[in-house]
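Hi,

Here is the structure I promised to pass on.

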Amino acid sequence: MIAYSCIARGTTILVDCSNIEDQNYREVVASILPSFPQRGTERKTSYNARDVLFHTILHDEILYLVIADLEAGYVTPYNFLTEVKRRFCSTSLIVRAPSADSFAFTREFQPVLSQLMMEASSGNVFADLNSQVEDVKNVMNENIDKLLQRGDTLEDLLRNTQNLEIEGNTFRTRTRRVRNKFWWQNFKMWIALIAAVLLIVGFFVLYFTCALGFGHDCN
């Protein structure tokens, strides 16, 4: 059973929710918040305290905490925290969190916590998530069966990939040779064209020089 959950920044509780009114979980959590990790990208921790477990996820300096009984184990509380984090990060509250006051998000997010706590404690814990995992497993199994039916083992796939890579390298080498060949042909053609132009220009220069009588040895 999920007894209590909250979202905190450092020692500031931004929003919380309790399923058991006669327990002072809020005071307990407020007193031990300084002992929890305050910095980290994605840190998960669990603490045993008598007959309950404290589970936390720290993400971008925001702490997601849940108190659950021992029978809840570890999977259910962490699935719960993961969904709480996803819901919270999908709202504008995550932008306001770094500067928000204590319990500033009670009105906006406490109903979400309450709903998720009821779902987690009912025994049908995130049925959609489990269903999605099963669907992915089934698709993967079907793909593996199809590969085996085609006779395409992993070795065959790896061999085909290597052959394609070799053929690709060969194609690139041939392309480079053809490009170089055409470049030399174009270069030679331009050299020949320039030589022809220079020859024609020289001929006309010599012709007009002789015609105008500037040359003495034209004959």
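Which residue in E5 is the bridge partner of Cys 6? That would be Leu 65. Before the rest, a caveat: this is a predicted model, where local features need pLDDT of at least 70, side-chain atom pairs count only at pLDDT 80 or more, and totals for chains, interfaces and linings use all residues. Residues are numbered from 1 along each chain as its sequence is written, and side-chain values use heavy atoms, with hydrogens and water left out.

**Strand E5**

E5 covers residues 62–69 (strands are DSSP runs of at least two residues, and helices, H or I, of at least four, numbered from the N terminus). Strand E1 (residues 2–9) runs antiparallel to E5, joined by six bridges; two strands pair if DSSP finds at least two bridges between them. E4 (residues 52–59) is also antiparallel to E5, over eight bridges, and His 55 has Val 66 as its bridge partner there. Seven of the eight E5 residues are buried, so the strand is largely enclosed by the rest of the structure. Buried means under 20% relative accessible area, exposed over 50%, and partly exposed in between (1.4 Å probe, protein chains only).

**Two positive phi values**

Asp 60 sits in the loop between E4 and E5, a hairpin with two residues between the strands. Its phi is near 50 degrees, positive though the residue is not glycine, and Asp 60 counts as exposed because its relative accessibility is 52%. Phe 103, in the loop between helix H3 (93–96) and helix H4 (106–121), has a positive phi near 60 degrees. Phe 103 is partly exposed, at 30%.

Cheers
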